[in-house]
Structures are given as C-alpha cells and as structure tokens.
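Here is a short walk through one protein model.

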Amino acid sequence: MTRTAVEETGLDDFGDDSFREGLAVLLVSLRDEARLNARGAEFFRDRIIRYLSQRLQVEDWYRRHPEIDDVPIAAPLIGLGLPRTGSTALSLLLAQDPGVRYLRRWESSQPCPPPSTVRGPDPRVPTGRGEMVGTRHHVPVHAHGPMECHELMALDFRSHIFVSFARMPSYAAWLVEEADLTSTFAYQRRVMKLLQWGEPERPWRLKCPSHVLFLDHLDRVFPDARFVMTHRDPTDVLLSVADLYADIIGNFTDDVDRLDIGRLNVEHWTLGMERALRFRADGADGRFHDIDFRAMQDDPIGEVRGLYAWLGEAVGDEFERGMRGWWAEAAAEREPGARADPVAFGIDLDRVRPSFARYVEAAGRWTGRPLHAGRSGRAGRIGK
C-alpha cells in the first residue's frame with residue numbers, strides 16, 4: 001500500500017518511520033481477524049492509502065515551506081471522557097465561538113493542501129453532512145463542524161478509530177497495552193501546524209473520548225493542554241457505544257461479533273477511566289474542568305459559561321447566539337434513541353458497575369453531582 005500511495009502522489013518521503021509499526025499490526029489483524037466483506041476490504045484499502053498519501057503530502061508541504069514548523073500551538077483545550085457523555089454536543093457548542101480553531105470535519109481526513117492556500121470553494125467541503133459510516137445521526141453534524149482527533153491519529157496508524165470499524169482483537173490489545181502514542185500526538189501536532197499555517201492565530205479546541213487511554217503520551221506532546229471532561233454513569237453509556245460500534249462494523253462484515261464488541265468496550269473504557277484517575281492524581285487535576293451530563297442537558301449555555309470562566313475567557317454575544325441557535329436545531333433534529341439488548345453484547349450491567357466504582361465516586365466529587373445509573377438523561381435531549 002505504501003507503493004500505491006507513492007505511485008499515486010509522485011512523492012516518496014513519509015517522514016518519521018513511526019507509522020510503520022502500527023500499519024503492520026493493523027494489516028495483520030485485518031487479514032487474520034476482521035472477516036471483512038467486499039465492501040469492508042475496499043473501504044480499508046482506500047482508507048489506508050488515503051492516510052499514507054496524506055502523510056506524503058504533509059511532508060512535501062513541510063519540505064517546501066519549513067516555516068510551517070514555526071506555527072505556535074499553545075494551550076489547546078481538549079475534550080475527553082467516556083463516549084456518549086455529551087462531549088460531541090459540547091464540542092459543537094464550543095465551535096460556535098468565532099475566536100477559536102477546531103478540527104473541521106472536511107479537513108480531518110484530508111489536511112492537504114493547507115486550507116489557507118486554497119482559493120475559491122474548497123473541493124473537500126461536501127455539500128451535505130459529509131461522510132457517515134454508520135446508519136444514524138445522533139446530533140446535527142455539518143461539513144464545517146468539529147471532528148474528533150481520530151483521523152489525525154490514524155496518520156500514524158495508532159488510532160481507536162480502526163477498532164470501531166472492524167473486529168481486530170490483536171490490534172486493539174496492542175494499541176492500549178503496548179503502543180507508545182507519543183509519535184502519534186507529535187504527528188497530530190505537526191498536522192495542526194499545517195492546518196493553522198496562514199490563518200490568524202487562534203486557540204485550539206480538540207475533542208476525542210479515547211484520549212483517556214493515552215493521557216501520559218498526550219501530555220508529552222501537549223504539556224500545556226487543559227482538559228474538559230464530561231461525565232455520565234457508565235452503565236448509561238456502554239450499551240449505546242457497543243450498539244454504535246455494531247452499527248458501523250456491520251457495514252464491513254457479514255459476521256458481526258457483538259460479544260466481542262461488548263468485551264472490547266467494557267475493557268477499554270474501564271482501563272481509560274482508571275488511567276484518567278491516575279493521571280489526575282499524579283498532579284494534573286488542576287488542568288481539568290468537569291461537566292456533568294445532566295447539568296449540560298439542563299443548562300448548556302450556563303455550563304459553557306462556567307467552562308469559559310475557568311479558562312479566564314469571555315462568552316461574547318455572537319458566540320452565545322450561535323450556541324442558542326445550534327442547541328435549538330439539535331433539539332429539533334435529534335433522532336430518538338433505542339436501548340440495545342445487553343444480552344446480545346454479553347454485558348451484565350450489575351457486574352460492570354464495580355469496575356467503574358472508583359471513577360463514579362470521583363466524578364461525583366469533581367462535578368458536585370453524584371452519578372446514578374439510569375438517571376443520566378431524558379428522552380428527546382442531546383445524548384452524545
């Protein structure tokens with residue numbers, strides 16, 4: 001696949017070789033474990049070649065414009081936490097601030113050419129909602145809206161995005177138990193500089209739930225980062241996440257293993273919460289602002305105001321109007337959720353609860369609002 005990317009781009013410098021380990025583990029896991037159908041095989045082939053081609057183009061831009069490396073990336077605000085805790089809604093609210101920079105959906109998988117160099121309409125911007133791999137929209141998402149960090153991380157082939165696309169237990173275990181993602185975040189920072197190059201300097205707002213698994217590695221590259229962490233009872237989250245994975249994976253295989261999906265999500269998110277607890281206890285607690293899911297549902301603008309007060313920044317009139325408009329649109333467009341069957345995923349919620357007990361107790365402390373299973377949201381509200 002590297003040869004194909006070289007042939008298609010006419011370039012041959014991939015930059016640092018760190019990506020090769022993850023690519024090798026990924027390809028073996030896809031071959032031996034994923035049980036891809038024809039659509040899945042084509043999807044992964046095209047996706048991997050796209051990531052390789054983008055690496056080649058990133059390095060070519062740096063070769064021709066080494067001044068890109070001088071672009072400052074200072075004190076980004078990074079959203080994290082369990083999935084389905086309101087983090088997507090929060091990121092979309094924060095994107096209404098005209099004074100910030102975030103990773104736009106249309107540039108996340110194709111950062112080249114740098115947006116500032118494009119004259120006229122950018123052909124990467126889709127006319128509709130853009131790519132949707134699963135079958136459901138859970139909150140209104142538009143082409144210029146924010147995207148998680150997964151795609152930039154995938155340029156180093158160390159990304160949780162891959163395990164949400166296919167059953168790959170070997171790759172999944174390697175990713176969370178053995179892989180060092182320092183090179184991954186360093187390359188993400190490299191691409192962020194390229195994306196910001198030629199634009200006014202603005203503070204970055206990023207978001208990726210899976211960062212809880214790799215906080216030590218993230219901190220090496222972004223030591224001045226601050227974090228906003230959203231919280232919800234894990235037993236209100238896990239089934240929804242597992243069902244979403246099954247929805248996506250079902251596009252690429254004719255043999256969806258829901259039990260494996262259930263195990264994966266329980267293991268990874270339990271581990272993620274334990275790592276977040278340890279990271280915060282080791283001296284980073286003051287870099288976190290915490291938001292309870294229910295508080296976010298009840299008063300989203302108030303919660304953002306509280307976050308901005310913590311940041312020492314003001315919520316301007318244009319920002320507030322944008323948030324109110326988006327929230328009203330989201331409330332009108334959100335699709336009703338359906339509760340998945342825990343038996344299908346092999347998830348016994350009563351047995352899962354003790355695994356998250358330390359996190360649940362800590363989240364109650366951080367937010368001043370104890371988490372209670374089954375009481376985290378109300379029907380018809382924004383749940384992601």
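The structure contains zero disulfides. A disulfide here is a pair of cysteine sulfur atoms within 2.5 Å. This is a predicted model: local features need pLDDT of at least 70, side-chain atom pairs count only at pLDDT 80 or more, and totals for chains, interfaces and linings use all residues. Residues are numbered from 1 along each chain as its sequence is written, and side-chain values use heavy atoms, with hydrogens and water left out.

(Buried means under 20% relative accessible area, exposed over 50%, partly exposed in between, with a 1.4 Å probe and protein chains only.) C149 is in no disulfide either; its nearest cysteine sulfur, that of C208, is 5.0 Å away. C149 is buried, with a relative accessible area of 1%.

Now the sheet. Five strands form an open, parallel sheet in the order β2-β3-β1-β4-β5. Strands (E, at least two residues) and helices (H or I, at least four) are DSSP runs, numbered from the N terminus. Two strands pair if DSSP finds at least two bridges between them. β2 (101-102) and β5 (288-292) are the edge strands; each has a single partner, so one side of each lacks a neighbour in the sheet.

Look at β1 (residues 77-81) and β4 (residues 226-231). They run parallel, joined by five bridges. I78 has F227 in β4 as its bridge partner.

Finally, helix α13 (residues 300-311) lies across β1, β3 (204-207), β4 and β5. Contact means heavy atoms within 4.5 Å. α13 runs at about 170° to β5. Axes are lines fitted to C-alpha atoms, for helices over the stretch in contact, and angles run from 0 to 180 degrees between N-to-C directions.
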